[in-house]
Amino acid sequence: MQTMITVILPVFLVIGFGYVAAWRGLFSETNVDGLMRFATNFAVPVLLFRAIANLDLSAEFDLVLLGSYYAGALLSFCAGLFGARLFFGRDWEDAVAIGFICLFSNSLLLGLPITERAFGPDALSGNYAIIAVHSPFCYGVGITAMEIMRARGRSPATILPTVLKAMFRNALILGISLGFVVNLSGITLPEPATVAVDLMARAALPAALFGMGGVLYRYRPEGDLRTIAYCCAVSLVLHPAIVWVLGGFNGLGTDAMRSAVLTASMPPGINAYLFATLYGRAERTAASTVLIATALAILTIWLWLGTLP
């Protein structure tokens, strides 16, 4: 219980503050949109740029860590995809969107602050290694699967350009890519630029968490309750369970195990809803799952923390 109070609750209180501010009309939808646009298009990409630029790639890009996490993510995507098709009778395009809901953990806005609160800032290297691959991997899987389903009667050669164009319009991927450029090239930023980057990066998580609360206020749990419950179970239970088993089997170190399991235990992020909106598929399911799974995660994250050394 102490862990829930000291580690998890502060993060969710910031989200709740944003939710209440939007609910009481103290923060309008326009304000929420502006704050989230600042956070997701500018501040968070700068945070990722700084993290990747300073990451020791040879030490932190552990293939066992990434393999354990992304095997769990891919299996969760398949569970969502085929579960939606076989159990709930959704068409294939809806099923891909539901698979994406089960695939895309909120690794950034929740995974980072909760890991930092639980284990300190020095424990975040594994998180950043996962996050560096997260958006490219998840969007690559989701967009490729959706374009294959939509490409009936079209040449397969049109799929790759569509996937790449969609991915590199994403500000998070651009921030990560620039971080790799600086890291691999050995470029040293001048001090004024470094200070400016640090200022932007420090604003990223508080702004994004508060704005996330405002976005969640818009969502209303409605319809598709069995599908929503299934998505919550895959995201909050199946994904971290697979990573926990694979991490133990592969002998992951303590810090890497913490990063992998905690990241996998996060609920679906706003990107799950954005992906559904992008294709106009399973939007109600995505919106309601993000809201309900985020609330349930207060308990499930606490339980997963109890399994970690």
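1. Basis of the values. Because the model is predicted, local features are taken at a pLDDT of at least 70 and side-chain atom pairs only at pLDDT 80 or more, whereas totals for chains, interfaces and linings use all residues. Residues are numbered from 1 along each chain as its sequence is written, and side-chain values use heavy atoms, with hydrogens and water left out.

2. Fold. The protein chain has 14 helices and 0 strands, where helices (H or I, at least four residues) and strands (E, at least two) are DSSP runs numbered from the N terminus. The radius of gyration, taken over C-alpha atoms, is 19 Å, close to the 19 Å that the globule rule gives for 309 residues, so the chain is as compact as a globular protein of that length; that rule is 2.2 Å times the number of residues to the power 0.38. The C-alpha trace spans about 55 × 50 × 45 Å along its principal axes.

3. Burial and surface. Of the 309 residues, 53% count as buried, with buried meaning under 20% relative accessible area, exposed over 50% and partly exposed in between (1.4 Å probe, protein chains only). The chain exposes about 13400 Å², of which carbon and sulfur atoms supply 66%; accessible areas come from the Shrake-Rupley method with a 1.4 Å probe, and for residues only the protein chains shown count as cover.

4. Helices H5 and H11. Helix H5 (residues 92-103) packs against helix H11 (residues 225-249) at an angle of about 35 degrees, with the axes 8 Å apart; axes are lines fitted to C-alpha atoms, for helices over the stretch in contact, and angles run from 0 to 180 degrees between N-to-C directions. Contact (heavy atoms within 4.5 Å) is made by Ile98, Ile101, Cys102 and Leu103 of H5 with Thr227, Cys231, Val234, Ser235 and His239 of H11.

5. Gly179. This residue sits in helix H9 (residues 171-185) and counts as buried, at 0% relative accessibility. Gly179 and Ala51 are 128 residues apart in sequence but 7.4 Å apart in space, C-alpha to C-alpha, and, leaving aside neighbours within four places in sequence, Gly179 is in contact with Phe49, Ile52 and Ala53.

6. Asp62. The loop between helix H3 (57-60) and helix H4 (63-86) holds Asp62, which is partly exposed with a relative accessible area of 30%. Asp62 and Pro190 are also 128 residues apart in sequence, yet their C-alpha atoms lie 30 Å apart in space.
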